[in-house]
Amino acid sequence: PDGIFVVVAAKNGKSGCYQSALVRAIKAHEGNADQVAFADEKTLISSGIDSSVLAWDLTNGQIVRRFEGVSSRVVEMIVARQHAKLIVLNEDGKLFAWNLNDGSQSVIPESVNQSSYRRMGLHSDGRRLATLDTKGRFHVLNVVDLSEESNGASPVTDASSIEFLGNGAIVCAAESMAFIAGNTSTVNSVKAHQGAIIGLVVVPDKDEYITAGEDGKILAWSV
């Protein structure tokens with residue numbers, strides 16, 4: 001978050017923190033370390049194939065907190081720093097959340113976890129979370145209490161990633177296509193690459209996004 005360090009997760013179960021050279025390597029998990037994110041400048045969150053979710057002190061490499069309750073492997077992890085919230089999605093399609101200040105687990109409304117989710121993405125305002133369920137619907141959740149604010153039909157039933165644009169619309173990548181969706185319908189779609197899209201990021205607070213594809217191209221798009 002300070003723009004200086006990069007963290008990575010590896011198949012050997014280790015997480016690494018890099019500047020121009022490796023700063024620290026941590027034996028984080030039994031098996032693959034799948035997801036990593038900064039909670040703050042000194043704290044790293046990691047998850048592994050062993051279903052564990054851990055917080056690390058980067059100054060000494062020690063575990064400072066274990067986030068309990070995830071029943072299967074984590075496939076996505078988001079840190080909403082503005083609200084000190086950690087949100088994870090496991091391979092069973094269920095959401096879990098914790099308060100980063102005290103480690104307490106947040107209650108997910110039963111109506112929200114009745115759905116099974118594939119992907120999620122955080123708006124740059126830190127307040128809204130977009131999710132895509134297995135039935136092909138988007139759900140926009142309030143990060144504070146994880147209540148649902150709105151939902152709508154998705155142009156796809158699965159996506160490699162979903163993100164918010166600055167105008168509140170949702171952009172998702174599926175195979176070689178990029179789709180822009182509002183709350184109720186598809187607004188725009190484009191065949192972005194020859195081959196699958198393997199990465200998608202949005203430009204904060206703007207109606208622009210960038211895709212990377214298997215064709216070796218990185219492309220910038222304006223809605």
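**Close-up views of a predicted model**

Figure 1. Leaving aside residues up to four places away in sequence, Glu 91 touches Ser 72, Arg 73 and Val 75. Glu 91 belongs to the loop between β9 and β10. With a relative accessible area of 52%, above the 50% limit, Glu 91 is classed as exposed. Although Glu 91 and Arg 73 are 18 residues apart along the chain, their C-alpha atoms are separated by 5.7 Å.

Figure 2. Ser 115 is placed in the loop between β10 and β11 (117–122). The contacts of Ser 115 are Gly 93, Lys 94, Asp 133 and His 139, where residues up to four places away in sequence are not counted.

**Figure 3. The largest nonpolar core.** This core has 16 residues. The members that touch the most other members are Ile 45, Val 53, Phe 67, Met 77, Leu 86, Val 88 and Leu 100. Two or more residues of the core come from each of the elements β4 (33–40), β6 (53–57), β8 (74–80), β9 (85–90) and β10. Strand β8 gives the most, with three residues. In soluble globular proteins, nonpolar side chains tend to be buried together.

**Figure 4. Contacts of Ile 45.** When residues up to four places away in sequence are not counted, Ile 45 touches a list of residues that includes Gln 35, Val 36, Ala 37 and Ala 39. Also among the contacts of Ile 45 are Val 53, Leu 54, Phe 67, Met 77, Leu 86 and Leu 100.

Figure 5. Phe 67 and Trp 98 are both buried. The ring centres of Tyr 209 and Trp 221 are 6.3 Å apart, and this pair is stacked because the planes meet at 15°, which is under 30 degrees. Tyr 209 is in strand β20 (residues 208–213) and Trp 221 in strand β21 (residues 218–222), twelve residues apart, and the pair links distant parts of the chain. Tyr 209 counts as buried, at 3% relative accessibility.

**Figure 6. A charged side chain over an aromatic ring.** Arg 128 lies over the face of Phe 164. The distance from the ring centre is 5.6 Å.

**Figure 7. An open sheet of three strands.** The strands follow the order β19-β20-β21, and their pairing is antiparallel. Strands β19 (197–202) and β21 are the edge strands, each pairing on one side only. On average, neighbouring strands of this sheet are turned by 20° against each other, direction ignored. The antiparallel strands β19 and β20 are joined by five bridges. Gly 199 stands opposite Ala 212, a residue of β20.

Key:
Residues numbered from 1 in each chain as written. Predicted model: local features only at pLDDT ≥ 70, side-chain atom pairs only at ≥ 80, totals over all residues. Heavy atoms only, no water. Buried < 20%, exposed > 50% of the residue type's maximum accessible area, 1.4 Å probe, protein only. Phe/Tyr/Trp six-rings, centres within 6.5 Å; stacked < 30°, edge-to-face > 60°. Helix = DSSP H or I, 4+ residues; strand = E, 2+ residues; numbered from the N terminus. Lys NZ or Arg CZ within 6 Å of the ring centre and 35° of its normal. Core = buried A, V, L, I, M, F, W, Y, C linked by side-chain atoms within 4.5 Å. Contact = heavy atoms within 4.5 Å. Pairing = 2+ DSSP bridges. Axes fitted to C-alpha atoms, helices over the stretch in contact; angles between N-to-C directions.
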